[in-house]
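This briefing goes through one protein model, topic by topic. Please keep the sequence and the 3D view open while reading.

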Amino acid sequence: ADEPAMPPEPLEIPCGGPELLPLAADQGNASGLQVRTAPEEAAEQVAETPCPPIARLQQPLLEGAKLLPDCYDPVTGFGRWHYTANLGEGGLGAVYRATDCKGSLGEVAIKVLKYHERANWGKQHAFAMHRESQWSIQRLHNEEDTRFDREASSLFARYLEDHTGFPSYNATEEFDAVRALYEAPELSWGTLTFDPPLPESPYVVMELAFGQPLSRMNCQDMLTGWERLSVLQQAAQALQYLGSFGLLHRDFRTSNIHMTGRGEWSHIKVLDLGLVIAVEKRHVANTNMAVKACWHRRQHQYDWVPPEVKARPYPNYELPMHSFDAFSLGVLSLRVHGGKEWAREMLMLGPGSSKWGAQLKERGVGHAALLERLLGPSSGRPPPRVVAAELAAALATPAVHTVAASGSTRRSRSPRRPEGPRQRALDRSEKGRGPPQPTPAEGGMNLFSFVPG
């Protein structure tokens, strides 16, 4: 009889080697990229770099991945990224899960620009993608900045590399100077040209976030009252940290916030910085499309956006600087307690409605007064620092731990607990073996992906 066929060995992919960095505008290269050797590697060309086969990629290549930028080809050795999954799409780009085949980044998330072939959209969106990566690299995760806070920075997904074709910077002042040019109110994107031209597919590399977005979770039923407050308190801390750099998020909503862990180990991660702008006087009425967001479009429901920027003359934000994101934080609170549709119904009722208080009480919302201030006039909205402090005090109240996992006081059942080895690992951790550690799941999105601590 014929011997049974043996399964093929996993493909061996070499690791280590040079990294691709954006090319400065005054340096010649038609591709807009230069090859610069990583600090720990010798200065060698790609084909000559020794690559020990220490990584074995077992996940198949994503269908159509060869059309994505710098896709690794094991036959020729060109490229860098082994794309394995499509994690989702937004207004600016599509995000993919990939493995670094020539560096030490491991599994990452790669955000590739959409509509890059459109004349004006491609230009301004490429700059917006470059800017969002630099908010992380130059500000939030820059350990040399005096405002850097390691714990607070962990609330944001870290951007690792910028491959948009814009220059790299040796100092934050250089980034601010370039940003001032592209955010100038009088700039016309239609007449703007780049020499060398931008890459065909600009992209940025980010850390791979665990958990799943709040928008895909039934927070009012899945999370306990303490966990909902913990999510909101961490969200307020994230906005406080962002504000310490003089930045506004403007897109702070459930689809841009991931959650992982349960109980005291629950942790959020803010993913998208695409609409973040600096609080500068010129930006209040700046019509540059790299700054302006058309919130007044009637065909879309931007319920996390405060009403003052959706009314004429359509300012980008109003003072005080935190008022925009404070309103978004109030809407986030409504969503995690009752879901998107209930939040929209509550926004239509408004804090002045006679049904407002009864609806909040029915959903177990214990910070009604704070919520009314967050959703009230811009001048009276509390800063994230105050919100974080009040929610921290509420989390320390024993009564919060008794709130049912459903969003209503009429239903007191506990959240559904997943069965199997993952939950047993979590139970062992809760008995004194330390906090559970998240492990990657398909697409990086599984709330209950734990291994014992």
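Strand 5 and strand 6 (residues 93-100) are antiparallel partners joined by 7 bridges. Strands here are DSSP runs of type E with at least two residues, and helices are runs of H or I with at least four, both numbered from the N terminus. Two strands count as paired if DSSP finds at least two bridges between them. This is a predicted model, in which local features need pLDDT of at least 70, side-chain atom pairs count only at pLDDT 80 or more, and totals for chains, interfaces and linings use all residues. Residues are numbered from 1 along each chain as its sequence is written, and side-chain values use heavy atoms, with hydrogens and water left out.

- Another open sheet has 3 strands in the order 10-12-13, with antiparallel pairing.
- Its edges are strand 10 (212-213) and strand 13 (267-270); each has a single partner strand, so one side of each is left without a neighbour in the sheet.
- Strand 12 (residues 257-260) and strand 13 run antiparallel and are joined by 4 bridges.
- Thr260 stands opposite His267 in strand 13.
- Helix 5 packs on this sheet and touches strand 12 and strand 13, where contact means heavy atoms within 4.5 Å.

**Helix 10**

- Helix 10 (residues 384-395) has 12 residues and spans 16 Å from its first C-alpha to its last, close to the 16 Å expected at 1.5 Å a residue; the expected span is 1.5 Å times one less than the number of residues.
- Pro384, Val387, Ala388, Leu391 and Leu395 of helix 10 are buried, meaning under 20% relative accessible area (1.4 Å probe, protein chains only).
- These residues lie on the same side of helix 10 because they cover an arc of only 95° around the axis, taken from the directions from the helix axis to the C-beta atoms.
- Their cover includes helix 5 (225-243), helix 6 (323-338) and helix 9 (368-374).

**Confidence**

- The chain has a mean pLDDT of 80, and 73% of its residues reach 70 or more; pLDDT is the predictor's confidence in each residue, from 0 to 100.
- Over residues 6-56, pLDDT stays under 50.
- Over residues 404-453, pLDDT also stays under 50.
- Where pLDDT is low, the predicted coordinates should not be read in detail.

Methods: Buried < 20%, exposed > 50% of the residue type's maximum accessible area, 1.4 Å probe, protein only. Axes fitted to C-alpha atoms, helices over the stretch in contact; angles between N-to-C directions.
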